[in-house]
Amino acid sequence: MEIDRTTDLRAADPADAPTRERVVRSILEHGPSTAAALGERLALTPAAVRRHLDHLLAEQAIEVREPRIPLVRGRGRPAKVFALTETGRDHFEQQYDDLAVQALRFLAETGGDDAVKAFAERRMSFVEEKFATVAAEHPELTPAEVLARVFSGAGYAASVKALPVGEQLCQQHCPVSHVAHEFPQLCEAETEAISRVLGSHVQRLATIAHGDGVCTTCIPQHPSTRADKAERVVSQ
């Protein structure tokens, strides 16, 4: 059975969780640090620092590195430094998601659904801003492929699959899925932005925010697109 390595600094030893949070945040703010430096900053004994570092190493939240500049302790070997891994940084990204949810809840309470919708629409303005530029730079791409470039540039890891009746835009990652789970207006604004730049109706089939493995949007093939493809085939 595969072990889930997702970092949760509160998962084990709840009483130690606040201190582990402080250790990780200290490394985040000060960069790769020795155990001695962490102990001094956080007023922890060497034994306590080692216990927390061992736990974080087991969770793959941190890793051991050689110091760039040797930090010699007496005549011994240079002290190792501990640095955050991508898994460790993901923990803080989750905290930013929580902050975004709280901010949107406040917006909904004070401004209502219209305010949340307006925010979602403004956030998706990058689609229309980038679409024309990418299309002009890559005339060989279909509109769906242009969209994939635009969304990939925003962190969505998008690609396009051919369908008998058109194309399917697939987004393997959603940077705001945690927030969109509670505020579907974000997904709705995204679908509307796609529809506007294409000038046609599109259908959202699945979303990561609602538990699907990938966000998928069906883009029916426009008659002009079919004609362009046919012309390319003939010319080849």
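Biologist: Why is Q60 called partly exposed?

Modeller: In this predicted model, the relative accessible area of Q60 is 37%. Buried means under 20%, and exposed means over 50%. The value of Q60 falls in between, so Q60 counts as partly exposed.

Biologist: Where does Q60 lie?

Modeller: Q60 sits in the loop between helix 3 (46-58) and strand 1 (62-65).

Biologist: Which loop holds A157?

Modeller: The loop between helix 6 and strand 3. A157 also has a positive phi, about 50°, without being a glycine.

Biologist: What makes A157 partly exposed?

Modeller: Its relative accessibility is 39%. The limits are 20% and 50%, and 39% lies in between, so A157 is partly exposed.

Biologist: What makes strand 3 and strand 5 edge strands?

Modeller: Strand 3 (158-163) and strand 5 (203-206) each pair on one side only. The open sheet has 4 strands in the order 3-4-6-5, with antiparallel pairing.

Biologist: How do you know that strand 5 and strand 6 pair?

Modeller: Pairing needs at least two bridges. Strand 5 and strand 6 (residues 215-220) have 3 bridges, so they count as paired, in the antiparallel sense. In strand 6, T216 is the bridge partner of A206.

Biologist: Which strands does helix 8 touch?

Modeller: Helix 8 (residues 185-198) packs on the sheet and touches strand 4, strand 5 and strand 6. Its direction makes about 135° with that of strand 5.

Notes:
Residues are numbered from 1 along each chain as its sequence is written. This is a predicted model: local features need pLDDT of at least 70, side-chain atom pairs count only at pLDDT 80 or more; totals for chains, interfaces and linings use all residues. Side-chain values use heavy atoms; hydrogens and water are left out. Helices (H or I, at least four residues) and strands (E, at least two) are DSSP runs, numbered from the N terminus. Contact means heavy atoms within 4.5 Å. Axes are lines fitted to C-alpha atoms, for helices over the stretch in contact, and angles run from 0 to 180 degrees between N-to-C directions. Buried means under 20% relative accessible area, exposed over 50%, partly exposed in between (1.4 Å probe, protein chains only).
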